[in-house]
Amino acid sequence: MAAEAQTIAELSRALKARDTTAEVVLERCLQRITERNGTLNAFITVFEHEARAQAREADREIAAGKYRGPLHGVPISIKDLFDVRGSATTAASRVRQDHVADADAPSIAALRQAGAVFIGKTNLHEFAFGTTNEDSAYGPARHPLDPNRSPGGSSGGSAASVADGMCYASMGTDTGGSIRIPSAACGLVGLKPTIGELSTEGVVPLSTTLDHIGPLCRSVEDAAILYDVLRGGSARPPGKPIDLRALKLAIPRDYFLSVLDPQVASAFDSACARLRDAGATLDDVAIPHAGDVAAIYLHIVLTEAAAYHAKTLERRSEDYTPNVRIRLEMGRYVLGEDYARALRGRELIRREVDAALDGVDGLFLPALAIPAPKIGVPIVRVGATEEPVRNVMLRCTQAFNVSGHPAITLPCGSTTEGLTTEGLPLGAQIIGIYQDTAGLLQVARAVESVVAARAENYLGPGRSR
């Protein structure tokens, strides 16, 4: 992929000026998929012929002066939970291998209307019920920088496809962190808007209460472009930059920073120091019941997932991967009173996050407590303790699915400070005011200018590993 066009914003300018063509860009992406998908297993389905037709049409329209906006002619991958008309929506499960969508999900229809080129459907943790992408009917997706490691999940194939230069962005889902976790693991930007802001219609659910959709991409500007289109509008020019000397962030330290890999803690502390040096104010804040989030989350997700899968669990239990089947079966035993208590707990967490955000522009914390874990390793050492991989990967993100606040991850540090000794990226996370995702994106652009290396500095288009 052309080194001069690493982000959607950069590529869109080149396409609009006809310095390159959608066909040329697409062929580079398809070549990358040919070279690397056998190793990374990022894609379940590649839309080779359909994508070429879309790219040719984009070039014809742009040449005729019918430019649709910054997504016109841009290759995008789609997590295989979204309906794309005429293609299978497998959810990475044998249970749904024969399901073919007869219409686009509204989010996909918006991208199609904007002229995006759909390059394929990406691998995921089966039914989005996991953080490592290991449990998939199609085998695990793998990290572009180390194929022995997970790219995170559940949108792992999406993250791998963007980070490795197979496309410019991907659509993912996020119920407990499934956009933000793989974005952090792979050195990307991942946006989860406010709950309910973007339609989840036409997307296979995990939890109807906690499901969100959003983009994985390479810059905050790209996330804003995609967000505007997904909301049903056209991409807006960036607003006036926030003066870093007026930026106020709060760090919810007690729970979220209490279990961190030492390299994550060091990179986050360095990011905080750079923000303070740039004039930003960072103070600690409490979310008193943060320690209850995991139980609240679990009782909601298990119950709702088990209800959705009840019929197929009875008829086709053997078609689920074992770990996902066990989690779904656990949901059958959650008491109604525990589910109701969890829903009340959700409202408490929302109020406490609102209170933590009072008087500040956002919360600032790590996005992922550990670097990308090795595939097949269920327990990881974090400092002096051993933690279940799934639990520790959700620790920094799931609270904000429970509360519904908008959240964004971005690479944490320069090309040296933001990498582990193994060369793996680390991510920071910003939580925004409820119902103000646009405001969060403005805050994120300011933070990005100080703390974030661009994703291609880790690997990115045109680079091999």
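Let's start at Gly232: just after helix H7, this glycine takes a positive phi of about 100 degrees. Keep in mind that this is a predicted model.

**Helix H7**
- H7 runs over residues 220-230 and is mostly covered, with nine of its 11 residues buried.
- Among the buried ones are Val220, Ile225, Leu226 and Val229, and the list also takes in Asp222 and Asp228.

- You'll find His212 in strand E6, which spans residues 212-217.
- His212 counts as buried because its relative accessibility is 3%, and the cut-off for buried is under 20%.
- Its side chain makes a polar contact with the side chain of Lys192 at 3.1 Å.
- A polar contact of 3.4 Å also links the side chains of His212 and Asn401.
- Leaving aside neighbours within four places in sequence, His212 touches a list of residues including Gly172, Thr173, Asp174, Pro193 and Gly404.

- Val450 sits in helix H16, residues 437-451.
- Val450 has a relative accessible area of 21%, so it is partly exposed rather than buried, which needs under 20%.
- Beyond its neighbours within four places in sequence, Val450 is in contact with Leu244, Arg274, Leu275 and Ala278.
- Val450 and Asn401 are 49 residues apart in sequence and 27 Å apart in space, C-alpha to C-alpha.
- Val447 is one of the residues with the most contacts inside the largest nonpolar core, which has 145 residues.
- Past its neighbours within four places, Val447 has contacts that include Leu275, Phe364, Leu410 and Ile430.

Methods:
Residues are numbered from 1 along each chain as its sequence is written. This is a predicted model: local features need pLDDT of at least 70, side-chain atom pairs count only at pLDDT 80 or more; totals for chains, interfaces and linings use all residues. Side-chain values use heavy atoms; hydrogens and water are left out. Helices (H or I, at least four residues) and strands (E, at least two) are DSSP runs, numbered from the N terminus. Buried means under 20% relative accessible area, exposed over 50%, partly exposed in between (1.4 Å probe, protein chains only). Contact means heavy atoms within 4.5 Å. A nonpolar core is a set of buried Ala, Val, Leu, Ile, Met, Phe, Trp, Tyr and Cys residues joined through side-chain atoms within 4.5 Å. A polar contact is a pair of N or O atoms within 3.5 Å; within protein, one must be able to donate a hydrogen and the other to accept it, and residues adjacent in sequence count only if both atoms are side-chain atoms.
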